[in-house]
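Here is a short briefing to read beside the model. Have the sequence and the 3D view open, and let's walk through them together.

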Amino acid sequence: MPRLLNERIILYRIHAGDTNAFAAVYDAYSEGIYRFIYLKVPTVQDAEDLTAETFLKVWHHLKEDKKIKALQAFLYQVARNVVVDFYRRRGTVILESLDDHEVVIADRGDLTLEEKMALKDELATAEAALRQLKDAYREVIVLHYLNELSLKEIGRIIGKSPGATRVLLHRALKAVKAILAEP
């Protein structure tokens with residue numbers, strides 16, 4: 001509940017004209033929104049552009065003094081719509097191969113070079129599996145496991161009850177396991 005209270009305070013500050021409040025929103029949510037978009041689009045550049053577009057749309061929405069009940073859910077809904085618009089403008093869905101993406105691993109001194117390479121391979125395999133999933137499955141996995149949102153929060157974003165969201169997440173995990181089990 002404290003996060004929701006904090007969101008309401010930030011929204012109040014934004015409506016009152018405090019531009020630093022929107023910067024706080026960007027700082028708090030930009031990484032999660034980027035990750036959410038990244039697995040839906042073909043390139044890193046597209047993900048960066050669409051993340052910026054998402055925050056620009058939210059900024060304009062707030063500047064028009066339109067009310068938002070749940071800021072985080074609204075941000076993800078806007079991000080979903082921005083991705084849909086992106087594909088509508090393109091007219092096709094094209095995914096790059098993983099070889100064109102660089103998997104970034106944080107500089108951890110506790111890992112040997114071999115461990116870092118193994119981790120990089122595992123991340124590439126996980127990303128490839130996620131890219132093979134249908135969009136709804138990929139979305140719930142990213143929101144729950146990467147962005148660490150609760151089933152209730154995810155349900156608010158995708159317009160489903162927490163129970164339906166739990167079932168969707170279960171099916172998504174089952175689909176990932178099937179993809180990873182393929183030879």
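**A residue to start from**

Glu48 is partly exposed, because its relative accessible area is 41% (buried means under 20%, exposed over 50% and partly exposed in between, with a 1.4 Å probe and protein chains only). This is a predicted model, in which local features need pLDDT of at least 70, side-chain atom pairs count only at pLDDT 80 or more, and totals for chains, interfaces and linings use all residues. Residues are numbered from 1 along each chain as its sequence is written, and side-chain values use heavy atoms, with hydrogens and water left out.

**Around Glu48**

- Glu48 sits in helix α3, residues 44–63 (helices are DSSP runs of H or I with at least four residues, strands are runs of E with at least two, and both are numbered from the N terminus).
- Between Glu48 and Ile37 the C-alpha to C-alpha distance is 8.5 Å, and they are eleven residues apart in sequence.

**Helices α2 and α4**

- Helix α2 (residues 19–38) packs with helix α4 (residues 71–90) at an angle of about 40°, and their axes are 10 Å apart (axes are lines fitted to C-alpha atoms, for helices over the stretch in contact, and angles run from 0 to 180 degrees between N-to-C directions).
- That angle makes α2 oblique to α4 (under 35 degrees is roughly parallel, over 145 roughly antiparallel, 65 to 115 roughly perpendicular, and the rest oblique).
- On the α2 side, Val25, Tyr29, Gly32, Ile33, Phe36 and Ile37 meet Leu71, Gln72, Leu75, Tyr76, Ala79, Arg80 and Val83 of α4 (contact means heavy atoms within 4.5 Å).
- The residues of this contact between α2 and α4 comprise ten nonpolar, two polar and one charged (Ala, Val, Leu, Ile, Met, Phe, Trp, Tyr, Cys and Pro count as nonpolar, Asp, Glu, Lys and Arg as charged, and the others, Gly among them, as polar).

**Helices α6 and α7**

- Helix α6 (residues 135–146) and helix α7 (residues 151–158) pack at an angle of about 140°, with axes 10 Å apart.
- That angle makes α6 oblique to α7.
- From α6, Glu139, Val140, Leu143 and His144 meet Leu151, Ile154, Ile157 and Ile158 in α7.
- The residues of the contact of α6 with α7 divide into six nonpolar, one polar and one charged.

**The whole chain**

- The protein chain has eight helices and zero strands.
- Of its 183 residues, 38% count as buried.
- Among contacts in the protein chain with a separation of 6 or more, 65% come from residues 24 or more positions apart.
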